Amino acid sequence: MNYLSVENISKSFGERTLFKDISFGINKDQKIAFIAKNGSGKTCIMKIINGEDDPDTGQVVVRKDIKMAFLSQDHNLQDELTIEESIFASDNEILHVIERYEKALERPEDEEAYQKAFDDMDRHNAWDFETQFKQILFKLKLEDFKLKVKNLSGGQKKRLSLAIILINRPDLLILDEPTNHLDLEMIEWLESYFAKENITLFMVTHDRFFLERVCNEIIELDNGKLYQYKGNYSYYLEKKEERIASENATIDKAQNLFVKELAWMRRQPKARTTKSKSRQDDFYKIKEVAESRRKENVVELEINMERMGSKIIELHKISKKFGDKVILNDFTFDFQRGARIGIIGKNGTGKSTFLNLLTGTIPADSGKVVVGDTIKIGYYTQSGINPKPGQRVIDIIKEYGEYIPLAKGRIISASQLLERFLFDAKKQYDYVEKLSGGELKRLYLCTVLIQNPNFLILDEPTNDLDIVTLNVLESFLLDYPGCLLVVSHDRYFMDKIVDHLFVFRGQGEIENFPGNYSDFRAYEDSVEPVKEEPKEKVNWKQNNPTSSGLTFNEQKEFQKIEREIKELELKKKEIEQLFSDGKVADADIEKKANELQNVIKKMEEKEERWFELSSKLEG
C-alpha cells in the first residue's frame, strides 16, 4: 500500500539548484534511509514531505487518512507546558482517557470519578497502552513529569519530541537524525524498537549501525540523481560500488569513442548526408557521457602536527562532584604516545565534564592534571563555533592567519584551506549563520585542525556530518600520529578509530576496557549481570488492576502510592539540590536536614507498602 508519493519535485535558492525532478514513493512497512551529502537538500526534502515547505515544481501526494509525524532537528514544543502536559496535548483519545485516570488518582476521595475513569481505561483497553508509553518515557530518561519544557536541555527536548511521536504511533514516521542527543543505551533500545515494530519509516541518519539494523531500503541522492537500493547499509555499499564501477566503465568506453568521433568531426566532411547528420547527433550524446566523470568532492584533511615529547598528560587522583553527584573519585591515568581512547556511558555520567577537566576548562575539586611541555591540545566541543554577528566563513579562518603551515614546510592560504573543506569561493563569503548544521560542524573541524594539535579531543564529532565526510574523517584519524580521546555515540565510528575505552558507569565509577565498542558489547553480553532494580523504576512498574488479586480499595491505594512516591522523590531531589547549591542558611541547616530525613523515611514506608501490594498483584 502506497502511503506517500514524491512527484518530480525541484528546489532552488537563487542560482543554486539543490535538486531537480526528484521522484520516489513510501509504502507501508518500508523502513527507508535517505542518504545525501551535507548541503544537498536532505532536510529541505523532509520539510517538503511534511508540508513545512513548498517545492518549486512537482508535488507530494499523501494517501487519505494517513497519520504522519515528523521529528525535526528543531523541537516544536510549548515552553510553559510540563512533560506530562506535552504528552497529553494531542488528539489521541486513549491518551485523554489515561489523563483523566491520572487526575482521578490525585482525588481518591471522589470515588465516583475514579470509578468512571477506571471503567474508561477498561473500555478503551488503555492499561497496556499506558504501560507502553511509560516504558518509552523511562527508556528516554523523561521520568520527572512535572518539569516544564523551558527548563529542559536541548537533548531532553529532542527526546521528548521523539517520545511524543512514538507514543502516538503514527502510520508514517519522518525522522531527521533521530539518534542525536541519545546515549548508546537509548540508541540500542530505539534500534530494537524500530526493528521489531511494524512501523513505516523515512529517515535521515548518519548512524551506520542504525542503518544496518533498522532499514530495509536506502535512497541516495548523488550528484542530483536518485538511486534506490532494496537492502540494508552493507547491501547499499556493495551495490553502490558496483554501480560506480559500471558507470566508470561506460564513461571510459565513451571517452575512447569520443576521441575517434572527434577526429571525424574535425575533418568536416563536405557532404552532409542524413547519415552524417545522425552521426553528428550521436557525437554530442557521446561527448556528454564522456564528460560525465563523477566529481568526487571530498574533504581533504591534512595536519602539520607539533612534535610530541615523552610526557603526554598525567591525571593524579582527580576528583570532581556536583552536590551529591560524583563525576570522578581519585581517578589516575597516564596517557601514552599513540593512545586512542573512546569514552562511553549514559547521558549525565560526566563524559563532557571529564574532557573539560582534562583541558582545564573547569577545575578539579582535588588532584592535579599535568600536561607535557610539548603537548598542544585540539578540543572539538559540542558547542561548536560562536561567530560574531555578520561574520563570514572566510573571516573565521583568517583569525588564525592569512596563510596556514602544512607538513614539510608547505603553506596554504585561508581560501585554499576552505576549498579543501568543501567551501567554494562563493560559499566562503556567506554569513556563518546561513550555514547548515553539517556545514557548521565541518567549518568548526577546520578551525580545530588548523592549529596542528598533537592531542586531539573530540566530543560528539559525528553529529550532523554526512556519511561521506565521516568516512574521510575516519581515514584521517586512522593515520593521525598523535593522541586521540573521543566521546561519541556513533558505534561504527568508535569501532574504527579507538582501541581502548573509558566506560563511565556513574557516581565516579570509570572502567578501563581494552578494546573497541563491539568488543565491549560482546564482553557485556557474555557476562550475566546481576542488576539491582533501582528505586526510580518503582514509578514505572505497571500491572493491569482488572486481572489482579487486589480489592477495589487496594487498587486505589496502589495507584495513589505510586503518585506519592514520585512526589517524595521530587521533594528529596529539591532539598538535596538546595544543599549542593549552598542555598541553605546556616540557621536552617538542621531543620532542612531533618526535613530530608523525614522525606526519606516516608519514601521507605511507601515503597515497603508498594512492594507488599505488588506481590499480591504478581500472585
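Contact means heavy atoms within 4.5 Å, helices (H or I, at least four residues) and strands (E, at least two) are DSSP runs numbered from the N terminus, and axes are lines fitted to C-alpha atoms, for helices over the stretch in contact, with angles running from 0 to 180 degrees between N-to-C directions. The model shown in these views is predicted, local features need pLDDT of at least 70, side-chain atom pairs count only at pLDDT 80 or more, and totals for chains, interfaces and linings use all residues. Residues are numbered from 1 along each chain as its sequence is written, and side-chain values use heavy atoms, with hydrogens and water left out.

**View 1. Helices α14 and α17 against the sheet β14-β17-β18-β12-β19-β20.** Helix α14 (residues 437–449) lies across β14 and β17 (455–459), and its direction is at about 170° to that of β14. Helix α17 (residues 517–526) lies across β12, β19 and β20, running at about 55° to β19. The sheet itself is open, with 6 strands and mixed pairing; two strands pair if DSSP finds at least two bridges between them. Its edge strands, each pairing on one side only, are β14 (377–380) and β20 (509–513). From one strand to the next, the twist averages 15°.

View 2. Strand β12 (residues 340–345) runs parallel to strand β19 (residues 500–506), and 5 bridges join them. Isoleucine 344 has valine 503 of β19 as its bridge partner. Glutamine 507 sits in the loop between β19 and β20. Although not a glycine, glutamine 507 has a positive phi of about 55°. Most residues other than glycine have a negative phi. Glutamine 507 counts as exposed, at 52% relative accessibility; buried means under 20% relative accessible area, exposed over 50%, and partly exposed in between (1.4 Å probe, protein chains only).

**View 3. The open sheet β5-β6-β7-β3-β8-β9.** This sheet has 6 strands in that order, with mixed pairing. Strands β5 (68–71) and β9 (225–229) are the edges, each pairing on one side only. The twist averages 15° from one strand to the next. Strand β8 (residues 217–222) pairs with β9 in the antiparallel sense over 5 bridges, and aspartate 222 has lysine 225 of β9 as its bridge partner. Helix α6 packs on the sheet, where it touches β5 and β6, and its direction makes about 165° with that of β5.

View 4. Strand β7 (residues 200–204) is largely enclosed by the rest of the structure, because 5 of its 5 residues are buried. Both faces are covered, with Thr200, Phe202 and Val204 buried on one side and Leu201 and Met203 buried on the other. Strand β6 (residues 172–176) runs parallel to β7 and is joined to it by 5 bridges. Strand β3 (residues 31–36) also pairs with β7 in the parallel sense, over 3 bridges, and lysine 31 has leucine 201 of β7 as its bridge partner. In the loop between β2 (16–27) and β3 lies aspartate 29, which has a positive phi of about 75° although it is not a glycine. Aspartate 29 is partly exposed, with a relative accessible area of 33%.

**View 5. The surroundings of leucine 172.** Leucine 172 belongs to strand β6 and is buried, with a relative accessible area of 0%. Its bridge partner in β7 is threonine 200. Leucine 172 touches Tyr3, Leu4, Ile26, Ile66, Lys67, Met68, Ala69 and Thr200, residues up to four places away in sequence not being counted. Lysine 67 and leucine 172 are 105 residues apart in sequence, with a C-alpha to C-alpha separation of 6.5 Å.

**View 6. The packing of helix α6 with helix α7.** The axes of α6 (residues 154–168) and α7 (residues 184–196) come within 14 Å and cross at roughly 20°. That angle makes α6 roughly parallel to α7, a term used for angles under 35 degrees, while those over 145 count as roughly antiparallel, 65 to 115 as roughly perpendicular and the rest as oblique. Arg159, Leu162 and Leu166 of α6 make the contact with Met186, Trp189, Leu190, Tyr193 and Phe194 of α7.
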